[in-house]
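Biologist: Thanks for sitting down with me. Could you show me the model, and then let me ask how you know what you say about it?

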Amino acid sequence: MAKQVPLVEYLVLGDDPHLMAQECTGCGARYFDRRNACASCEGDQFTKVRIANEGILRAFTIVSMAAPGVPVPFVAGIIDCDGTSVRGNVVNVEPNPDNVSTGMKVRLTTFPIGTDDDGVEGIGFGFEPVG
Amino acid sequence: MAEDVWILGITMTKFGKHPDKDMVDLAAEAARGALSDAGVTMKDMGILAAGNLMNASAGIGQQLQKQIGQTGIPVYNVANACATGATALRTAVMAIKAGECDFGLAVGVEKLAGAGLLGAGGGSRSSGTHYEPSGRYGAVATTDGRIGTTTMPGTFAQIGMEYGHKYGGTSFELFAKISEKNHAHSTLNPLAAYTKKMSLEQIMGDVMIAYPNTRPMCSANCDGAAAAVVVSDSKLKTLSLEQRKRAVKIAASVLTTDPWQEACQILPDVNTLTRNAARQAYEQAGVGPEDLDLVELHDCFATAELVHYDNLMLCEEGGAVDFFNSGAPWRDGKTPVNVSGGLESKGHPIAATGIANIWEVCHHLRGEAGDRQIQGAKVGLAHVIGLGSACGVHILERSAA
C-alpha cells in the first residue's frame with residue numbers, strides 16, 4: 001500500500017481514523033492548530049484528546065462559487081462533535097438543500113485527495129450522513 | 001471624564017466603479033468634502049487617521065496629505081478588516097478625548113470594483129506536487145473547499161444558518177426578503193452603487209454564491225471613500241451657530257474584538273463581540289435600542305443582517321425572524337434598518353464603509369436626507385464588523401443647538 005499522509009496534522013489515520021485536538025489542561029478549551037498559549041485562560045500546557053467521530057450538523061452552506069481549482073458545488077459545515085465544534089465538508093450526499101439540514105447526524109469519513117510526485121497519497125476527511 | 005466629541009463635517013463619494021480615479025483621488029474627494037462640510041481646512045486638523053485595507057502598506061494617509069495639505073500632523077494608517085473605517089474614526093475621536101488636539105480628520109478609502117471572491121485563501125499552499133506539512137495545521141494541501149470553507153459568502157451563510165438552527169424560522173425565502181428590503185431602500189439613495197428595486201423572485205433566481213446567499217444577497221465590491229471631521233466639545237462651542245446646528249454628537253464610540261468562545265476559531269463568532277459593543281455603546285450613550293430612529297448595520301450578506309437584529313438588541317434574544325416579519329426594519333417600520341440600501345446595494349468599499357454608515361445616519365439627523373429622510377430622526381446607530389474579528393458601534397445624536 002502507498003504511503004499516506006493526512007491533509008492536516010489533527011487527522012489521525014490508521015484502522016480507526018479520527019480527529020485529535022489539543023486541550024488546555026487549565027480550562028479544557030480545545031484547538032486544532034499549533035498553540036502558543038490558550039486564548040481562553042492563557043495556560044500553556046496542552047494534552048491531546050480524541051474528538052468524537054459522530055456529531056450533529058449545526059450550520060452549513062452549499063458553496064457554488066469558490067477559488068479556482070476548488071470543485072463546486074460542495075457542502076461546507078460546522079459539526080458539533082459531542083461538544084467540540086469541527087469544520088468540515090458534508091460528503092456522500094447530493095449538494096442541494098433538500099438533502100442537507102441542520103440538526104442532521106453525521107460521522108467522520110476519510111478519502112484520498114490525490115497523490116504527490118513521490119507517490120504519497122494524501123488523505124482528507126469529511127462528514128457523511130448517518131443512517 | 002473626557003469631553004464629548006462631535007462630527008463637524010462628513011461626506012461620502014458615490015460608491016461604484018471609478019475607473020478614472022485612483023485611491024488617492026477618491027480619498028482626496030472625500031477628505032476635502034468633509035473639510036468643506038465642516039467649514040475648516042487641513043491647517044486646523046491635529047490628527048489624520050486614514051483607513052485602507054487591501055493596500056494597507058501603502059501609507060494612504062501620507063499619500064493623501066501630499067495631495068491635500070502637508071501640515072506635519074501625526075498620521076495613523078489603520079487597517080482593521082471591515083471595521084477599518086470605524087477604527088479610523090475612533091482613532092481621531094480618541095486623540096481628541098486624550099486632549100491631544102481639537103480637530104481630527106478620519107478617512108476610509110477602497111478600490112474594490114471588479115474584485116472577486118474575498119477570503120478564498122485558506123490553504124497553506126496551493127495543491128502541490130510534494131505533500132509536506134506546513135502552517136499551523138500542518139496542512140499538506142489547500143484546505144479551503146476540502147475542510148469546509150473560509151470564503152466570506154460561505155462563512156456568513158453558515159452564521160445565518162446557525163441562527164436558524166438555534167432559534168428556527170429561517171428559510172432561503174426569509175433571507176431573500178431581507179435583501180429585497182435593502183434593494184428597495186436603495187432606490188432612494190443616489191450615492192448607492194446599485195439602485196434597482198429587485199423582486200423576491202429575481203433575488204432567489206439569481207446566481208447562487210453560497211446557499212442561501214445569491215449574488216444580490218452579497219455585498220457589492222466597489223470603489224468609494226468617506227471622511228469625517230471631528231471636533232472637541234469645547235472647540236465646537238466657539239464655532240458658528242450654523243456649524244453647531246449641523247454638528248452631530250458622537251454619543252458612543254466603541255470597538256471590540258471577539259472574546260474566546262467554544263467554536264470561535266472554527267466558525268467566526270460575529271455575535272458575541274457585536275452584542276458586547278452594542279451593550280457598551282447603549283451604556284455610554286445612555287440610550288436603548290427603543291430610542292433608535294434608524295440603524296445602519298453591517299449587512300455584508302443577507303444572512304448577516306438577520307443575526308445583527310438580535311446582536312444589536314433591536315429585538316428579543318432569538319426574535320430576529322419575528323422582528324423582520326413584523327416589518328420593523330423597513331423604512332416605514334418601528335426601527336428602520338439600512339435605509340441607505342445597505343452593503344448589498346449601496347456597496348462595500350471596505351475601509352470606506354465604517355464612515356459611510358455614519359454619514360448616512362448623520363444625513364438623517366441633520367434632516368438633509370431628501371427623499372429618504374427618516375422624519376424627525378434624533379438618534380441613530382452605525383455598526384460594522386470585520387472578520388478576525390473587529391466590531392465598531394457608534395451612536396449618533398442630533399444637535400440641540
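Modeller: Gladly! This is a predicted model. Taken over C-alpha atoms, the centres of domain 1 and domain 2 of chain B are 23 Å apart.

Biologist: What makes up domain 1 and domain 2 of chain B?

Modeller: Domain 1 of chain B is 5–115 + 222–250, and domain 2 is 152–217 + 252–398. The bounds come from an automatic or database domain assignment.

Biologist: How do you know that the two domains of chain B touch, and how many residues does the contact take from each?

Modeller: Residues count as in contact if their C-beta atoms lie within 7 Å. By that test, the contact takes 39 residues from domain 1 of chain B and 34 residues from domain 2 of chain B. On the domain 1 side, strand 1, helix 3, strand 4, strand 7 and strand 8 of chain B give two or more residues each. Helix 3 of chain B gives the most to that side, with eight residues. By class, the domain 1 side has 23 nonpolar, 10 polar and six charged residues.

Biologist: Which parts of chain B touch chain A?

Modeller: In total, 40 residues of chain B are in contact with 43 residues of chain A. Helix 4 (152–167) and strand 5 (208–211) of chain B each supply at least two residues of the chain B side. Helix 4 of chain B gives the most, with seven residues. That side divides into 20 nonpolar, 15 polar and five charged residues.

Biologist: Why do you say that strand 6 of chain A and strand 5 of chain B pair?

Modeller: Pairing needs at least two bridges found by DSSP. Strand 6 (residues 54–63) of chain A and strand 5 of chain B have two bridges, in the antiparallel sense, so they pair. In strand 5 of chain B, Ala210(B) is the bridge partner of Val63(A).

Key
Residues are numbered from 1 along each chain as its sequence is written. Chains are lettered from A and ligands numbered from 1 in the order in which they are written. This is a predicted model: local features need pLDDT of at least 70, side-chain atom pairs count only at pLDDT 80 or more; totals for chains, interfaces and linings use all residues. Helices (H or I, at least four residues) and strands (E, at least two) are DSSP runs, numbered from the N terminus. Ala, Val, Leu, Ile, Met, Phe, Trp, Tyr, Cys and Pro count as nonpolar, Asp, Glu, Lys and Arg as charged, and the others, Gly among them, as polar.
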